[in-house]
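Hi everyone, thanks for coming along. Please have the sequence and the picture open while I talk, and stop me whenever you like.

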Amino acid sequence: MELAEAKQKFIEAWGKLGSEWGINRTMAQVHALLLISPEALTTEQVMEQLQISRGNANMTLRDLINWGLVEKQHRSGERKEYFYAEKDVWYIARQVAKERKRRELEPVLKLLNQLQAVEGDEQDPEYKTFKTSVTDINKLATNVDKTLETMLKAEENWFFGSIFKLFK
């Protein structure tokens, strides 16, 4: 397989993986392109290589910057903006986890905490079932939140060493 074909396969696979993780496919493909590019790319280069519109490229690059996965760079004497993706996969994993936690888990935890305050008759089976379900889901979500916090604070070697100990 030639490099060009391998790069295209990687970009497609990263896009598919991203969409399975709840990230827009184009966003994941732009990230993949920048991830495997040794130099920062312009919006035009991203558009050309992925065959996407300027609006799509601009919106996607802005989202990647907001996720902390891409940085905008300027070169002296040039008006163009360049975009560079962090290459450290541990950093990428932590950033994605951090953003998903902020966007998805934290709002659910807030809602579950509010729902636990619901009042009702302890003898009512509907109330008891609701209260038990919400409490159990809240416990699970809280444990997931604590695990993510540990991962976000951890160094790569410590984290994977701890995971491997669980499987021994």
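Let me begin with a word we need: a residue is called buried when its relative accessible area is under 20%. Also, please keep in mind that this is a predicted model.

Let's start with helix α4, which covers residues 54–66. This helix has 13 residues, and from its first C-alpha to its last it reaches 18 Å, close to the 18 Å expected at 1.5 Å a residue. Now, which residues of α4 are buried? They are Ala57, Thr60, Leu61 and Leu64. These four cover an arc of only 100° around the axis, which puts them on the same side of α4. If you look at the numbering, here is the general rule behind such a pattern: an α-helix has 3.6 residues a turn, so residues three or four places apart point the same way.

To find one of the pairs on your screen, go to Glu71: its bridge partner in β3 is Tyr84.

Now let's step back to the whole protein. The domain assignment gives domain 1 as 3–85 and domain 2 as 89–165. Taken over C-alpha atoms, the centres of the two domains are 31 Å apart. Nine residues from domain 1 and seven residues from domain 2 take part in the contact.

One last stop is Asn138, in helix α6 (residues 125–153). Is Asn138 buried or exposed? Its relative accessible area is 5%, so Asn138 is buried, given the cut-off of under 20%. And what does Asn138 touch, leaving aside its neighbours within four places in sequence? Asn138 is in contact with Leu109, Leu112, Asn113 and Gln116.

That's my tour, and I'm happy to take questions.

How values were computed: Residues are numbered from 1 along each chain as its sequence is written. This is a predicted model: local features need pLDDT of at least 70, side-chain atom pairs count only at pLDDT 80 or more; totals for chains, interfaces and linings use all residues. Side-chain values use heavy atoms; hydrogens and water are left out. Helices (H or I, at least four residues) and strands (E, at least two) are DSSP runs, numbered from the N terminus. The expected span of a helix is 1.5 Å times one less than its number of residues. Buried means under 20% relative accessible area, exposed over 50%, partly exposed in between (1.4 Å probe, protein chains only). The arc is that of the directions from the helix axis to the C-beta atoms. Two strands pair if DSSP finds at least two bridges between them. Contact means heavy atoms within 4.5 Å. Domain bounds come from an automatic or database domain assignment.
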